[in-house]
Amino acid sequence: MLIKDVICPFCGCLCDDLAVEVENNKVIDVKHACKIGAAKIRGHNRIEAPMMRESKTDEFREVSYDEAINEAARILVDSKRPLMYGWASCLCEMMKKGVLLAEEVGGILDNTASVCHGPSALGVQEKGIPTGTLGQFANRADVVIFWGCNPVQAHPRHMSRYSVFAKGFFTNKGRKDRKIVVVDVRKTDTAEMADEYVQVNPGEDYKLLAAFRAAVADKADVIPDTVAGVSKEKIVELAAAMKGAKYGIVYFGMGVTQTRCKYKNIDIAVSLTTDLNAYTKFSIIPMRGHYNVTGAGQVFAWETGYVNGIDMSRGVPYYNPGETCSNDMLMREELDSAFVIGGDAGAHFPAQSIARMAKIPVIQVDPFHNPTTEMANIVIPVKVSGVELAGTAYRMDSVCLRMRKLVDVDFPSDEEVLDKILAKVKEIKGVS
Amino acid sequence: MKLDAIFISGRTVNQGVNLENKSSTAYFDAAGYCEMNSTDAGKISTDPGNNVKVTTDFGNVVVPMRICEGNPDGLIFIPMGPWANAVASPDTAGCGMPGFKGLPATVESTDEKAPTMPELMARLK
């Protein structure tokens, strides 16, 4: 059976034109997906049964779902500062349950944006964001800037569907209708196919963005001969190209959020985009990684007011990045347990943070064995959302889409596991 | 000889392909290596496939070296994952985000073995 119009559950592009061949409840072919999306839908070896162990150096022993869920609930109830991290590979329906559970146990609710676009959220809180949808950018943008992102490697179909080669209403010649600029510290595969590659010195994006603002404001006289490794001449030339765009778009990635100045880079990139709107139409958008990390931000924001790093221990949501995000709390050794779901802290936190995680009980809810499993005491395998379960996800431009179920499996969903843990937590606490 | 460098990490296609296959040798091949340009490789007298030791203020890791001529002199790249994290900074500068890019590092040729993912995690327990 060929299932058409499947939405890919890998990255924030949520490509919605996949066709998946399913026979005898098995995926046998994935058409139109990139290499990464196809690999995810085809599947990998998974954790077959719930597992537990006392010490992280012990071997796991197989247990029942009830035993794992009850012990997870007991750990959460006994914890004063439980971290509840991940969520970006979950569907929105599960995140809502996660907020309820975090509220009940007074947990710290954090998602993978913490090590991805968390600084972007801070930048947006400072300055707002002039943005749009990927459809608008595909149909209109004739000047496309990739700043600190490498879609050839991280979002392989982004360029063909939305940003570079896509033929749109006002961009019907596709690539020929667009000027592509890449700003990066190294000549990436994306930079190789750009019209302009601007090599910025590592950690000096803020300086270069400030220089572009000066050039856009016709204040080039204040710009030194070289800024962040880029010549004044090039800065002035590119600023003119930005102002001359019919519609410009800045796509930015972790090259900006993870480098020096972090959220201030986003703050000034938004300001540059806003400045450009005095001359033409310009938008800016983060390139989101996990397929539903945008959804995690949406759900957490509408439930608590904040997108990540939310401390629920006070009875009301409290947010102070630098204090309440996962790595800060781990390094202060403030956490006394961690509940990791729909994200892999073990693979994506600095080793020194993970060493702190090794000292506390870790509960993992995930289909796959990964570095978090190596640090876990309880492992609860679940369905692969978007392949084995339908539900809601948000594309990187905050367009919400319905993910499809392709095959049936016997594993419970994250939502069922969260429901049971929440019920057990309430039972232990004696609340209704 | 040690080379002074700036370390960054980032995504790659093959790291993504093996994102849910992290116990495999394919994941090690996809995420456990260090890229530098051939000039820098020459400075530490190493060839592609040979192991190098990357050290920052926050740790060290041994991984095979690969050539990427797109890297400017003094810039080294390790794909995001446990090997890059071994040298990443947990300091968030007050905004929640650790330091995965732009850290001063040294790189040297070594005969030490590159750790597998479980070996890397085991040394944190």
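1. A residue is called buried in this note if 20 or more other C-beta atoms lie within 10 Å of its own, exposed if 12 or fewer do, and partly exposed in between, with C-beta atoms placed from the backbone. By that criterion, 54% of the 125 residues of chain B count as buried. For chain A, 56% of the 432 residues count as buried.

2. The structure is a predicted model, in which local features need pLDDT of at least 70 and side-chain atom pairs count only at pLDDT 80 or more, while totals for chains, interfaces and linings use all residues. Residues are numbered from 1 along each chain as its sequence is written, and chains are lettered from A and ligands numbered from 1 in the order in which they are written.

3. Chain B contains five helices and six strands; helices (H or I, at least four residues) and strands (E, at least two) are DSSP runs, numbered from the N terminus. Their order along the sequence of chain B is β-α-α-β-α-β-β-β-α-β-α. The radius of gyration of chain B is 14 Å, close to the 14 Å given by the globule rule for 125 residues, so chain B is as compact as a globular protein of that length. That radius is taken over C-alpha atoms, and the rule is 2.2 Å times the number of residues to the power 0.38. The C-alpha atoms of chain B fill a box of roughly 35 × 35 × 25 Å along the principal axes.

4. Chain A has 18 helices and 21 strands. Its radius of gyration is 23 Å, close to the 22 Å that the globule rule gives for 432 residues, so chain A is as compact as a globular protein of that length. The C-alpha trace of chain A spans about 70 × 50 × 35 Å along its principal axes.

5. Two residues are taken to be in contact if their C-beta atoms, placed from the backbone, lie within 7 Å. Among contacts in chain A with a separation of 6 or more, 68% involve residues 24 or more positions apart. In chain B, 74% of the contacts between residues at least 6 apart in sequence join residues at least 24 apart.

6. At the interface, 55 residues of chain A are in contact with 42 residues of chain B. Elements of chain A that give two or more residues to this side include α1 (35–42), α4 (118–127), α14 (326–331) and α16 (351–357). The largest share, five residues, comes from α16(A). The residues on the chain A side divide into 24 nonpolar, 22 polar and nine charged. Here Ala, Val, Leu, Ile, Met, Phe, Trp, Tyr, Cys and Pro count as nonpolar, Asp, Glu, Lys and Arg as charged, and the others, Gly among them, as polar.

7. Within chain A, helix α9 (residues 205–216) packs with helix α12 (residues 263–276) at an angle of about 15°, with their axes 9 Å apart. Axes are lines fitted to C-alpha atoms, for helices over the stretch in contact, and angles run from 0 to 180 degrees between N-to-C directions. The pair α9(A) and α12(A) is therefore roughly parallel, a label for angles under 35 degrees, with over 145 being roughly antiparallel, 65 to 115 roughly perpendicular and the rest oblique. The residues of this contact divide into nine nonpolar, two polar and four charged.

8. A:Ala228, in the loop between β11 (226–227) and β12 (230–231), has a phi near 55°, a positive value in a residue other than glycine. A:Ala228 counts as buried, with 21 C-beta neighbours inside 10 Å. A:Cys261 has a positive phi of about 85° although it is not a glycine, and its place is in the loop between α11 and α12 of chain A. With 21 C-beta neighbours inside 10 Å, A:Cys261 counts as buried.

9. A:Pro361 lies in the loop between α16 and β18 (362–365) of chain A. This proline is buried, with 23 other C-beta atoms within 10 Å. Leaving aside neighbours within four places in sequence, A:Pro361 is in contact with A:Ile75, A:Ser337 and A:Asn377. The C-alpha atoms of A:Pro361 and A:Glu54 are separated by 8.9 Å, although these residues are 307 residues apart along the chain.
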